[in-house]
Amino acid sequence: MCREEVQSVSDDMLIDGKSDGAENRQANCVLNEFNADYLKVYYGKIFPYAEIFKWMSYGNDGKHPACDKSYFGRREFSFTLENDIYLRFQSFNRVSQLESSIKEKCPFKIDIGPVYSVDPAKRHAYAQSGDNVFTPVERELVFDIDISDYDDVRYCCSGAEVCLACWPLMTVAIKVIDTALRDDFGFSHILWVYSGRRGVHCWVCDGKARRLTNEQRAAIADYFRVYKGNENSNKKVSLTGPVLHPFLVRSYNEVLKDFFEAKLLQSQKIFSTEERYEKILEMIPDEAVTSELRGRWHENRRSSMSKEDINIFRWEQLKHTLQSGKQKAQGLRRCVEEIVFCFTYPRLDMEVSKHMNHLLKAPFCVHPKTGRVCVPIDPNNCDEFDPSTVPTLAQLLEELNMGGLRTDADNESDGTSLGKSLRFFRSSFMEPLLKSCKEEIESSYAKLQKSKNSLSW
Amino acid sequence: MEVIRSQRRSAPNDVVSTLPLYRSAPPLEVRLEDFESFAMDRLRVLKGISDGLSRGKKPEGMEKLVSEMWKANMRHPQASEVVNKDIISHFVLRLVYCRTEELRRWFLTMETALFRYRFRLENLEAQKALLAEFNLPYKSVSSAEFESVKDELGQVARSISQPLPTADAIFYKVPFEEVPELVAARRVFVQKGHAFVAMNQVVSLVVTQFRSLISKALLLTNRKWMSAIREQEKDRLTPIVEALSTSYLGPDYSQPKEFTEISIKDIDQVAKIFDACKLPVGAERFDKEYTYSIRHNYGREGKRTDYTPYSCSKIISFTPGVGDHHGCPYRHFSEENLRAALGRMGVGGRAVEDVMDKVRNRHYQLACTLTFEAVYGSSCDAGINHPNQYFLESRKILEQKNHTAA
């Protein structure tokens with residue numbers, strides 16, 4: 001509605017004979033698009049510089065004598081400008097510099113890199129190897145999950161599209177990974193962020209996580225890895241061994257099985273066409289079993305359907321056939337789990353997690369293709385997250401315009417629909433994180449003092 | 001300082017490990033000849049390991065390889081000197097391999113692999129003792145804690161086809177980042193940041209520690225080398241050290257043992273063998289251009305200098321100019337040309353793909369060895385390290401064939 005009104009005004013240069021109120025509405029309306037002008041306003045009034053600075057400082061912006069004043073300045077940011085110009089190794093010593101640079105350059109994308117041994121701006125003065133090096137020293141443990149990596153198992157969308165039938169795959173990924181990061185690896189300060197279009201990012205910010213080596217990051221990524229797909233193999237998930245590892249068992253029992261049986265079977269209509277059920281049959285390495293099932297399903301096409309959904313019905317048949325007492329081959333019984341894992345288990349981008357110097361998009365950026373803000377996702381309520389309701393740039397600008405005469409500049413963004421996200425970011429993530437950072441800084445300082453004292457005589 | 005004793009007996013049949021951790025340089029007097037020869041012996045072992053790893057040998061194969069190479073190269077006439085040879089050779093090679101990033105990385109990989117497989121070959125008591133030497137703050141899990149995670153430990157064991165842990169099984173609770181390979185393969189139970197490592201997985205733990213030790217030591221050694229040792233020893237140890245990293249370690253081909261007469265008639269036969277290191281040429285052209293240079297190289301023309309022929313590693317490092325016909329073909333030929341050359345030599349099918357795979361991964365000598373094995377249908381375990389070696393080995397096989405034909 002809004003767009004048509006504006007277009008009609010600009011096209012015809014006529015003002016309809018509408019009331020003043022409507023004219024105001026027209027003036028307040030913005031085109032539902034992403035563009036540099038809107039972005040400028042966003043960076044001018046909404047982007048949370050102070051929060052990003054506080055986060056990236058990890059407590060070193062305090063007054064404590066043990067605070068490392070150089071810490072924030074050694075962090076790499078990168079900007080992608082309007083015409084795809086890419087600026088790497090941007091660094092800032094104070095939040096005011098970060099703010100003025102972003103406002104001036106208006107980057108379409110902001111990435112965050114590692115904390116280096118020295119200020120990235122001075123990197124050319126240092127060697128690549130040996131003693132005096134320019135090298136990453138800290139970096140959050142990060143994960144990137146993109147729904148286009150699931151294209152071979154989702155029938156509703158492909159590529160950049162996402163809908164409510166397939167988005168729950170991301171929800172499942174969050175649940176599985178988040179639980180493992182906390183229960184298995186002992187991490188606490190974990191931020192999940194919507195990537196703006198078709199996926200999610202995860203930032204693990206515990207001190208221990210930030211100091212992991214590339215090899216240790218790779219180990220965690222490999223621990224999470226199950227799907228080993230490419231076009232050439234039929235069996236992209238292979239779960240060997242008489243029994244599964246406790247991590248896989250927990251993921252299956254607590255998340256994957258129910259999701260597959262209660263939601264995905266029907267939302268993706270996994271067995272409803274020959275093409276689709278053949279794909280499942282391809283994953284079963286026993287001709288006798290597959291031809292038996294094929295025979296039954298082929299027949300079913302002609303007979304009248306029972307009330308039960310055909311996908312659920314056929315899945316039950318398949319399970320029964322594979323898991324019945326007749327099947328001695330343990331590999332065959334395992335097919336049931338393999339099918340579930342293949343369709344639902346998280347597919348991570350391994351390269352993103354394995355290298356300290358990999359750059360990742362900053363939270364609260366706006367996605368150029370969708371205009372949506374990269375907002376945090378609460379892992380405890382991720383079932384309720386709906387990407388189609390995430391605030392867009394245009395929407396936020398309209399809200400700002402409607403807010404009109406607010407004079408309290410600091411809280412302008414809080415009054416918009418982004419306010420909820422910002423409050424969540426501050427209370428659920430920042431507060432506990434900074435408390436923990438403060439404790440870490442103070443305790444390492446105390447240890448240092450103690451050792452100094454013991455030698456002072 | 002590490003106390004070196006070749007055997008420590010804690011119980012009648014218990015021999016505690018002789019696997020040193022190389023934490024400090026031994027205060028021993030070393031003869032200059034031993035300085036070099038001990039290092040060469042150890043280098044042979046490390047290069048054998050490098051070979052085994054790049055051929056993709058499985059762990060059982062590597063264990064066997066390490067055991068054999070160690071026995072073959074690291075003996076000493078005096079039994080009491082065996083451990084000293086071990087330690088001295090390691091420290092000499094540290095000097096050799098500390099000097100660049102690439103050398104350090106290679107040395108670290110090979111020494112870590114050597115340590116890993118030697119550790120695996122030790123008995124349980126020796127392994128426990130070695131683990132204790134690292135002074136890690138990791139305790140074995142109490143029986144109460146074991147009970148609380150017994151089910152999960154059992155699940156993990158069964159998932160990797162290991163027997164279920166009994167009540168007296170030893171598990172170590174370590175920070176997960178200390179055993180990255182076990183975590184990556186999901187071979188351990190991980191809970192709240194800790195991995196539960198079974199006794200038979202302890203090798204992973206000690207290898208991580210060992211690698212860290214040696215890595216730090218190499219950087220320190222480099223610093224000392226650059227700041228003091230290199231200059232101080234420039235007339236004594238430094239030339240030996242600098243030669244060791246590029247040394248060729250096969251049999252000595254600088255002194256031709258057999259005085260091989262090559263007549264023009266033999267050229268086609270020889271040309272076949274030398275196909276790999278020179279362009280395949282017909283007899284006439286060979287006569288004009290190459291007979292002279294062959295006789296020159298063998299001291300029969302011109303300067304009468306018997307040039308020590310270059311080893312493969314030297315040849316691989318050359319870049320031929322335009323019109324030059326030498327240089328390692330595996331390094332410098334285009335894929336198309338190399339496939340054609342292999343075809344002319346009678347290598348086909350799977351063997352060609354194996355050779356090309358080695359070339360792509362820059363293992364030029366392994367590619368040559370595989371070619372030799374494919375052409376002659378017999379294996380060459382020592383690997384090709386020198387063109388003369390290729391020639392002599394080929395000649396042996398061709399002579400055998402001639403004999404049986406005759």
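**A salt bridge links Lys192(B) and Asp183(A) across the contact between the chains.** In this predicted model, local features need pLDDT of at least 70 and side-chain atom pairs count only at pLDDT 80 or more, whereas totals for chains, interfaces and linings use all residues. Residues are numbered from 1 along each chain as its sequence is written, chains are lettered from A and ligands numbered from 1 in the order in which they are written, and side-chain values use heavy atoms, with hydrogens and water left out. The N to O distance between the side chains of Lys192(B) and Asp183(A) is 3.7 Å; a salt bridge requires a side-chain nitrogen of Lys or Arg within 4 Å of a carboxyl oxygen of Asp or Glu. Three salt bridges are counted between chain B and chain A. Eight residue pairs between these chains, both members at pLDDT 80 or more, are in polar contact. Such a contact is a pair of N or O atoms within 3.5 Å; within protein, one atom must be able to donate a hydrogen and the other to accept it, and residues adjacent in sequence count only if both atoms are side-chain atoms.

**The side of chain B that touches chain A draws at least two residues from each of α4 (101-121), α6 (143-159), α7 (180-184), β4 and α8 (202-232).** Helices (H or I, at least four residues) and strands (E, at least two) are DSSP runs numbered from the N terminus. The most is given by α6(B), with five residues. By residue class, this side of chain B holds nine nonpolar, six polar and nine charged residues. Ala, Val, Leu, Ile, Met, Phe, Trp, Tyr, Cys and Pro count as nonpolar, Asp, Glu, Lys and Arg as charged, and the others, Gly among them, as polar. In total, 24 residues of chain B and 30 residues of chain A take part in the contact, where contact means heavy atoms within 4.5 Å. The size of an interface is often given as the accessible area lost when the parts come together. Between chain B and chain A the buried area is about 2,100 Å², with 58% from carbon and sulfur atoms; this is the accessible area (1.4 Å probe) that the two parts lose on being put together, summed over both.

**Strand β5 (residues 194-198) of chain B is mostly covered, with four of its five residues buried.** Buried means under 20% relative accessible area, exposed over 50%, and partly exposed in between (1.4 Å probe, protein chains only). Strands of a sheet pair through backbone hydrogen bonds, either parallel or antiparallel, and pairing here requires that DSSP find at least two bridges between two strands. Strand β3 (residues 171-175) of chain B runs antiparallel to β5(B), joined to it by five bridges, and Val174(B) stands opposite Ala195(B). Strand β4 (residues 189-191) of chain B also pairs with β5(B) in the antiparallel sense, over three bridges, with Phe189(B) and Phe196(B) as bridge partners. A hairpin is formed by β4(B) and β5(B), with two residues between them. Lys192(B), in the turn, has a positive phi of about 50 degrees; the side chain of Lys192(B) is the one that meets Asp183(A) in the salt bridge.

**Arg94(B) is a buried residue of chain B, with a relative accessible area of 6%.** Arg94(B) belongs to helix α3 (residues 82-97) of chain B. With residues up to four places away in sequence left out, Arg94(B) touches Tyr22(B), Phe107(B), Ile214(B), Ala217(B), Leu218(B) and Thr221(B). Chain B contains 17 helices and five strands, and 43% of its 406 residues are buried.

**Four strands of chain A form an open sheet in the order β5-β7-β6-β9, with antiparallel pairing.** The edge strands, each pairing on one side only, are β5 (141-146) and β9 (376-377) of chain A. Six bridges connect β5(A) to strand β7 (residues 199-204) of chain A in the antiparallel sense, and Leu141(A) has Val204(A) as its bridge partner in β7(A).

Phe89(A) lies in strand β2 (residues 86-90) of chain A and, at 19% relative accessibility, counts as buried. Lys269(A) is in the loop between α9 (246-267) and α10 (274-281) of chain A and is partly exposed, at 46% relative accessibility.
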